[in-house]
Structure formats: structure tokens, C-alpha cells
Amino acid sequence: MPKQSRPKVIIIGAGFGGLAAARALKRAPVDIKIIDRRNYHLFQPLLYQVATADLSPADVAWPIRGIFSGQKNVSVALTEVLDVDKNSQHVITGEGQFDYDYLIVASGAHHSYFGRDEWERHAPGLKRIIDATEIRKQVLMAFERAEISNSDAEQRRQLTFVVVGGGPTGVEMAGAIAELANHALAADFHRINSRDARIILIEAGPRVLGTFPENLSNKAHTSLEKLGVEVMVNTRVEDITEAGVQLSDTFIPSACKVWGAGVAVKNLGRWLDAPTDRTGRVAVTDTLCLPGHPNVYVIGDAAQVPWKDGLDVPGIAPAAKQGGKYVGKRIAALAKGQPHDRPFRYRHAGNLATIGRHAAVIDFGKLQLSGFVAWWLWGIAHIYFLIGVRNPIFVAMNWFWSYLTFSKGARLITGLSPLHEDHDTEPEAPVRAAE
């Protein structure tokens with residue numbers, strides 16, 4: 001009698017959810033294939049520190065194959081997903097098709113420009129290593145160009161940094177750029193004073209960190225201003241060009257712009273032939289499967305999961321990990337012929353955001369913290385999340401050294417696009433029609 005093949009599990013995406021699902025299936029009688037177009041897992045919560053030269057890319061990303069080198073039921077396919085055939089149960093990729101018995105979609109989200117994709121060229125988002133290194137290049141090159149510019153107006157433009165979006169990413173980026181200018185670069189230049197840099201944070205809503213309690217949002221606002229960040233709330237961006245950022249009533253000349261205002265899930269509705277919400281997420285059942293397809297699961301940023309008070313489960317790393325662990329355990333039980341009818345229940349551990357040295361805000365529900373203690377707890381929480389991916393002592397040592405010396409150890413300007421362009425003349429601001 002021929003040996004019966006084991007169930008095949010395909011996981012699309014090696015983010016927090018995908019890794020958690022694969023680990024939960026470690027001892028299950030299944031064969032797992034992780035498909036990702038990159039060969040590494042990225043620790044996105046620390047990506048802004050790569051963008052501001054606190055950490056190198058190697059500190060926040062690790063090869064997928066290395067992570068699972070000891071898990072024999074995992075294989076990795078480095079390719080891009082093109083489509084999913086739910087009827088034939090296979091995933092179509094650039095390197096052919098792969099059959100599955102169970103499919104876990106953990107494809108994550110990308111930055112969204114709300115229909116103005118042309119802005120990406122001038123204001124990169126922060127979701128990938130290449131985004132972080134590009135932003136780092138732009139930030140550092142702005143200081144370099146200001147140093148050699150003979151135009152006062154161009155110097156001011158180069159030293160004006162605009163961050164769009166007052167969520168955790170925007171707040172952390174604005175604070176980190178301010179600290180870079182005020183401390184790490186303060187002694188590096190002789191014609192300019194890096195402390196003259198103007199950092200502007202623009203938020204369309206009434207306050208920064210809108211998902212946090214209002215008192216913590218106000219404390220974050222105050223901490224940013226103490227760092228020298230100009231915070232503009234109730235302010236919408238109308239256009240972003242090479243020259244700068246156009247608001248409803250003013251134009252801000254700026255050479256370096258960073259986008260942190262929105263995210264969206266790409267291609268998922270097309271892959272699964274399923275309706276999506278305005279951000280591209282697919283609604284799932286209480287067992288995180290696609291309605292009508294109990295062997296297709298969607299987790300993390302890609303899933304719209306009802307939570308409480310009319311809210312959905314937030315698109316944060318702990319939620320993705322919980323979803324991945326749940327789906328992994330469910331498939332493991334089903335593969336053994338055991339029932340698993342318990343619905344998914346999200347356990348919210350809290351919201352965290354750091355603003356700068358000794359400044360952070362943490363919302364644990366009844367317990368709310370800010371300032372120095374919150375900053376240390378933020379660091380401990382992120383080191384804890386690193387455990388199981390890489391020995392966190394290396395990242396902790398880099399942080400501690402930067403803390404003691406105010407130094408930035410990864411101030412390298414790299415990239416494929418030209419480092420030197422014609423900036424002898426100040427770019428012209430767009431001409432606005434008379435109202």
C-alpha cells in the first residue's frame with residue numbers, strides 16, 4: 001500500500017503571523033512551505049531606527065532559512081505570489097505552482113498614499129529595509145547638501161524634514177530625526193549647525209497617536225515639542241513634490257519627506273476572489289478562515305477580524321503573532337483528526353510608542369505610563385519580541401552604546417539611485433491658482 005502523503009500547508013509571507021503559524025506547526029504531521037519574495041524576516045517595529053542610523057539592517061532582519069534551520073517540516077520558496085486557485089488548491093508563483101491542503105495568507109500590508117501614488121517618489125514610506133535605507137540616505141544627504149550649499153534658501157530647504165502621519169511610525173520618525181540633528185550630528189558639520197534643522201510632523205486628525213487615550217496623546221505632543229518638533233494637527237497635505245509639501249494655505253520647502261499616514265493590503269482580494277474593505281483587507285470568520293473555504297486562512301494585517309466596540313483587531317505585531325499561533329494550532333489538530341472549534345480571541349496587551357530618549361507612552365488599559373519608565377519598558381518589550389528570532393543581546397548592546405555616547409553607528413549613505421544631483425538652484429514651488 002503506498003504511503004499516504006502528509007497534508008501540505010502553504011504560508012504566504014514570513015512576517016510575524018507567518019512565523020508564528022509555522023512554529024505552532026513544528027510537531028504537527030504536516031509539510032510546510034513558506035513563500036516570500038524576500039529571504040528574510042523583518043522586525044518592522046525597529047525599522048525607523050534603521051532609517052535614522054541607530055541600527056543597521058542586519059540588526060532587524062534575519063534569513064528565513066536560518067530561523068527554521070532546525071524545523072525539518074519547513075521549506076522555503078523565494079518567489080513572488082501571482083495568484084491563488086482555491087478550486088484546484090494551488091498557489092501560482094513566478095517559479096511555478098505549489099499545491100496545498102491548507103493555505104495561510106499572512107502577506108502583510110504596504111504603505112498607502114490614498115490614491116496619490118506619485119507621492120511615493122518624493123516621500124517614501126517605511127515598510128521595507130529598502131525604504132529604511134532610502135530614508136536614511138535622504139536624511140543624511142540633506143545635511144551633506146546643506147553643508148556645501150551657498151544658498152541660504154536651499155540650506156533651509158535641506159534642513160527642513162517633513163513627516164506625514166501622526167501615528168506611532170510618524171511620531172517615532174519625527175522624534176528620531178530630531179535627536180539625530182540635536183545630538184549625533186551636532187559636532188560633525190562646520191558650515192551649518194545641525195541643531196537648526198526644522199522637523200515638522202503633520203497629522204490630518206485632531207491629535208497625534210489617535211488610537212491612544214487623549215492624555216497620553218497630549219503627553220506625546222508635548223514631548224515632541226520639547227525635542228523641537230513642530231506638530232501640525234488638523235492639517236491635510238494637498239501635494240508632495242521634490243520641492244516640498246503643499247498644505248491648504250502654505251507651501252513648506254523641504255528636501256526630505258517621510259510618509260507614515262496610511263497602509264493598505266495589495267492583491268489580496270484578487271488572489272482570493274473575495275470582497276475587501278477600503279484598505280484591502282479580507283473579512284474572515286471567527287476561526288480566521290475565508291468564508292466558504294475552511295482550509296484558507298487569512299491573518300495579520302491582511303485580515304479584517306471583529307474585536308470589540310465596533311472595532312477590528314489592530315494591525316500590530318502581537319495581533320499577527322496571536323493569529324498565526326491560533327491558526328497553526330488549529331491546523332495541527334485538524335491534521336491529526338482532532339476537533340478544534342474554539343474561535344479566535346484577541347488579547348490586547350496594550351499600545352506602545354517611543355518619542356525619543358527617555359520619552360515614550362504606553363497604554364495598558366487601566367495602567368498608563370509615560371516618560372522615562374515608559375521608555376525603558378518599551379525597550380524591554382521590543383527585546384522580548386526579538387527572543388526566538390535572534391539573540392537580542394546584540395541589539396540591546398547597540399542601543400545601550402548609543403544611549404551612553406549619543407552616537408549613531410550606521411551613518412552610511414548607500415543606494416542605487418544617484419547620490420549627487422543638480423541642486424545648485426532651489427527647486428521652484430508649485431504655482432497655486434487664485435482662490
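A residue is called buried under 20% relative accessible area, exposed over 50% and partly exposed in between, with a 1.4 Å probe and protein chains only. The model is predicted, so local features need pLDDT of at least 70 and side-chain atom pairs count only at pLDDT 80 or more, while totals for chains, interfaces and linings use all residues. Residues are numbered from 1 along each chain as its sequence is written, and side-chain values use heavy atoms, leaving out hydrogens and water.

Rings of Phe, Tyr and Trp (its six-membered ring) pair if their centres lie within 6.5 Å; planes under 30 degrees apart count as stacked, over 60 as edge-to-face and the rest as tilted. Across the whole structure, 11 aromatic pairs are found. Phe43 and Trp62 form an edge-to-face pair, 6.4 Å centre to centre with 75 degrees between the planes, and both residues are buried. Phe143 and Phe189 are instead stacked, at 6.1 Å centre to centre and 25 degrees between the planes. Phe143 is buried at 0% relative accessibility, and Phe189 is buried at 12% relative accessible area. One aromatic cluster is formed by Tyr113, Phe114, Trp119 and Trp259.

Next come two helices (DSSP runs of H or I, at least four residues, numbered from the N terminus). The axes of α1 (residues 16-24) and α9 (residues 317-335) come within 7 Å and cross at roughly 30 degrees; axes are lines fitted to C-alpha atoms over the stretch in contact, and angles run from 0 to 180 degrees between N-to-C directions.
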